[in-house]
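My entries follow in the order I made them.

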Amino acid sequence: MKTQSLSSRQLLPVLLIILGGAALFYFSRPQSSSSHAEAIQQLAPATYVQEISGETHLLLDVRTPEEFASGYIAGAVNIPVQSLSARLSEIPRDQPVVIYCRSGNRSALAAEILADAGYSTIYDMGGIQA
């Protein structure tokens, strides 16, 4: 089997195609979570009680319906994180959203989903276990 090497003149279009594809991939990918730093704020439960609970906001419990039925924070709306993307129309965009779950993992994921969808004031209260 005979191999043939490319000359620099033949190699240039190939490199341009590869670099163009890499640039297209880089600039078309979703933004990283660090770009959501201004939209998502961590919120301690005590701060929620003192500063936000009396203001207009949506308190979002992203646990399963079974977990929600076993106990929840008064006034909370239950939308499990697994169905959050499909139910964004139920979440108002004109008020802050405070999210919680059991341990903090699902609330962080839900905050990212909302930030990706363009929500601008998101508070992640973490888990109610704490």
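**Entry: the contacts of S107.** I began with the neighbours of S107. Leaving aside residues within four places in sequence, S107 is in contact with V62, I99, Y100, C101, D124 and G126. Contact means heavy atoms within 4.5 Å.

**Entry: ground rules.** This is a predicted model, where local features need pLDDT of at least 70, side-chain atom pairs count only at pLDDT 80 or more, and totals for chains, interfaces and linings use all residues. Residues are numbered from 1 along each chain as its sequence is written, and side-chain values use heavy atoms, with hydrogens and water left out.

**Entry: is S107 buried or exposed?** I found S107 buried, with a relative accessible area of 0%. Buried means under 20% relative accessible area, exposed over 50%, and partly exposed in between, with a 1.4 Å probe and protein chains only. I then looked for a polar partner. The side chains of S107 and D124 make a polar contact of 2.6 Å. Such a contact is a pair of N or O atoms within 3.5 Å; within protein, one must be able to donate a hydrogen and the other to accept it, and residues adjacent in sequence count only if both atoms are side-chain atoms.

**Entry: the helix.** S107 lies in helix α4, residues 105–116. Helices (H or I, at least four residues) and strands (E, at least two) are DSSP runs, numbered from the N terminus. I checked the length of α4. Its 12 residues should span 16 Å at 1.5 Å a residue, and its end C-alpha atoms are 17 Å apart, which agrees. The expected span is 1.5 Å times one less than the number of residues.

I listed the buried residues of α4: R106, S107, A110, A111, I113, L114 and A115. They pack against β1 (40–42), β2 (58–61), α3 (65–69), β4 (97–101) and β5 (122–127). Just after α4, G118 takes a positive phi of about 100°.

**Entry: the sheet.** In what order do the five strands of the open sheet run? I read β1-β5-β4-β2-β3, with parallel pairing. The edge strands are β1 and β3 (77–78), and each pairs on one side only. Two strands pair if DSSP finds at least two bridges between them. Strands β4 and β5 run parallel and are joined by five bridges. Y100 stands opposite G126 in β5. I went back to my first entry: Y100 and G126 are among the contacts of S107.
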